[in-house]
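Reader: I would like to understand how the labels used for a structure follow from their definitions. Could you take me through them with care?

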Amino acid sequence: MVSETERDGETWYECDACGLMFDDQGDANAHEANCDAEDPSYIQ
Ligand SMILES: [Zn+2]
């Protein structure tokens, strides 16, 4: 999941899984979809 964060008057988008920050929501969403840190539900 991607969290919206305000920092120094700018909006950042943070990947909740790995903590990476993006200044573009599209980039954040694209990363999140492929994030290796995300706990995959299909792996037990
Ligand atoms: Zn990530």
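Reader: What makes glycine 19 stand out in the hairpin of E2 and E3?

Author: In that hairpin, which has five residues between its strands, glycine 19 takes a positive phi near 90°. The model is a predicted one, in which local features need pLDDT of at least 70 and side-chain atom pairs count only at pLDDT 80 or more, while totals for chains, interfaces and linings use all residues. Residues are numbered from 1 along each chain as its sequence is written.

Reader: How do you know that E2 pairs with strand E3?

Author: Strands are DSSP runs of at least two residues, and helices are H or I runs of at least four, both numbered from the N terminus. Two strands pair if DSSP finds at least two bridges between them; E2 and E3 (residues 21-22), which run antiparallel, are joined by two bridges, so they meet that definition. Glutamate 14 has methionine 21 in E3 as its bridge partner.

Reader: What joins strand E1 to strand E2?

Author: Six bridges join E1 (residues 2-7) to E2 (residues 10-15), and these strands run antiparallel, with glutamate 4 opposite tyrosine 13 in E2. Two residues lie between E1 and E2 in their hairpin, where aspartate 8 in the turn has a positive phi of about 55°.

Reader: Why is cysteine 35 called partly exposed?

Author: A residue is buried if 20 or more other C-beta atoms, placed from the backbone, lie within 10 Å of its own, exposed if 12 or fewer do, and partly exposed in between. Cysteine 35 has 18 other C-beta atoms within 10 Å, and therefore it is partly exposed. Cysteine 35 lies in the segment after helix H1 (25-34).
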